[in-house]
Amino acid sequence: MTVQQNKDHASTGKLTDAYRRYLRLQRNYSANTIDAYLLDVDKLLTFLGHEGVDVLHAQLSDLQRFSASLSDIGIGARSQCRILSGVRSFYHYLLTDGYVESDPSELLESPELGTRLPEVLTTYEIDAMEGAIDLSKWEGHRNRAIIEVLFCCGLRVSELVTLRLSCLYRDEHFIRVTGKGDKERLVPISDSALHEIDLWMHYRNQMDIRKGEEDYLFLNRRGAHLTRTMILIMIKRLAQQAGIKKNISPHTFRHSFATSLLEGGADLRAIQSMLGHEHISTTEIYTHIDMAALRQEVLMHHPRNILYHKPK
């Protein structure tokens, strides 16, 4: 079928359905990643619809106006970059499958980003969050185990909520994790995390577990596995109760895990393997965190800095 014939037969709904199949079958992306890509495309389609521009006839200038509109409605530079990356992926697909003759997003520029280091939690702050948990309630033991597993294993929240009992190898001190693209990896688990899991299992074993959910490690009061939103709400609440002012999320524990390993002398390649990063460049952000912490230590403790900043 020619490009013109493809254009004639393509509707917006058919295009997005075909793109979804491409992401799932050819790119092997997870359901969450596919939803994110389609959300980016939906933003573009909504904008072009208001402009009266067909997505298959859009030009670079149309995409540049779309990019400017993201800034106008207050979307941050980092989120703009992610959305525009999704737009480029969509047009790459349209070009590959013969819906367009040229890719209008090829010269589409993203906003420049400064180096923004992620928030990390100290061991003291994590201890404070665990100390704020009410252990008189059964879910308190679950939440404490969740915090320990997040911090000790560096899991993504999606990996945590899908963690299964059958993937826990207690004697070997490993867990099997299914990450992005359904790629599996083995991650060491600490004695402290295993201890908290044991305490949680005492209560879990007494629950009425929903059929089909029996293998999930962490469950809600209805006996079903947790969602990412439940984890986020729980962590935000605990941080507030512990008096932590940082803007944290479940991913903060992943950053804290990697930073703690690097500060302890772990090899960057080993950290990459445990985090499940495809490229070492993604892991290298933690070297910047380590250097920032080192600079702060020098400023606080070097005698010349102490003398210079001494109150007069």
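I began with helix H6 (residues 123-131) and helix H7 (residues 138-153), whose axes lie 10 Å apart and which pack at an angle of about 160°. Since an angle over 145 degrees counts as roughly antiparallel, I noted H6 as roughly antiparallel to H7. I then looked up the handedness, and H6 passes H7 in a right-handed crossing.

Sorted by class, the contact of H6 with H7 comprises four nonpolar, two polar and three charged residues.

Next I followed H7 to helix H9 (residues 191-204), where the two axes come within 8 Å and cross at roughly 155°. This angle makes H7 roughly antiparallel to H9. The crossing of H7 and H9 is left-handed, whereas that of H6 and H7 is right-handed.

On the H7 side of this second contact I found Trp-138, His-141, Arg-142, Arg-144, Ala-145, Glu-148, Val-149 and Cys-152, which meet Ser-192, Ala-193, Glu-196, Ile-197, Leu-199, Trp-200 and Tyr-203 in H9. By class, nine nonpolar, two polar and four charged residues make up the contact of H7 with H9.

Side chains of opposite charge can pair when their charged atoms come close. The structure holds 13 salt bridges, and I looked up one of them, in which the side chains of Arg-82 and Asp-40 meet at 2.9 Å, N to O. Arg-82 belongs to helix H5 (residues 77-96) and Asp-40 to helix H3 (residues 31-51), so this pair ties together parts that are 42 residues apart in sequence.

Finally I checked the confidence. The chain has a mean pLDDT of 84, with 84% of its residues at 70 or more. Over residues 1-9, however, the pLDDT is below 50, and this stretch has 14 contacts in the model beyond near neighbours in sequence. The pLDDT also stays under 50 over residues 304-308, for which the model has four contacts beyond four places in sequence. Where pLDDT is low, the predicted coordinates should not be read in detail.

Key
Residues are numbered from 1 along each chain as its sequence is written. This is a predicted model: local features need pLDDT of at least 70, side-chain atom pairs count only at pLDDT 80 or more; totals for chains, interfaces and linings use all residues. Side-chain values use heavy atoms; hydrogens and water are left out. Axes are lines fitted to C-alpha atoms, for helices over the stretch in contact, and angles run from 0 to 180 degrees between N-to-C directions. Helices (H or I, at least four residues) and strands (E, at least two) are DSSP runs, numbered from the N terminus. Angles under 35 degrees count as roughly parallel, over 145 as roughly antiparallel, 65 to 115 as roughly perpendicular and the rest as oblique. A crossing is left-handed if the near helix is turned anticlockwise from the far one by less than a right angle, and right-handed if clockwise. Ala, Val, Leu, Ile, Met, Phe, Trp, Tyr, Cys and Pro count as nonpolar, Asp, Glu, Lys and Arg as charged, and the others, Gly among them, as polar. pLDDT is the predictor's confidence in each residue, from 0 to 100. Contact means heavy atoms within 4.5 Å. A salt bridge is a side-chain nitrogen of Lys or Arg within 4 Å of a carboxyl oxygen of Asp or Glu.
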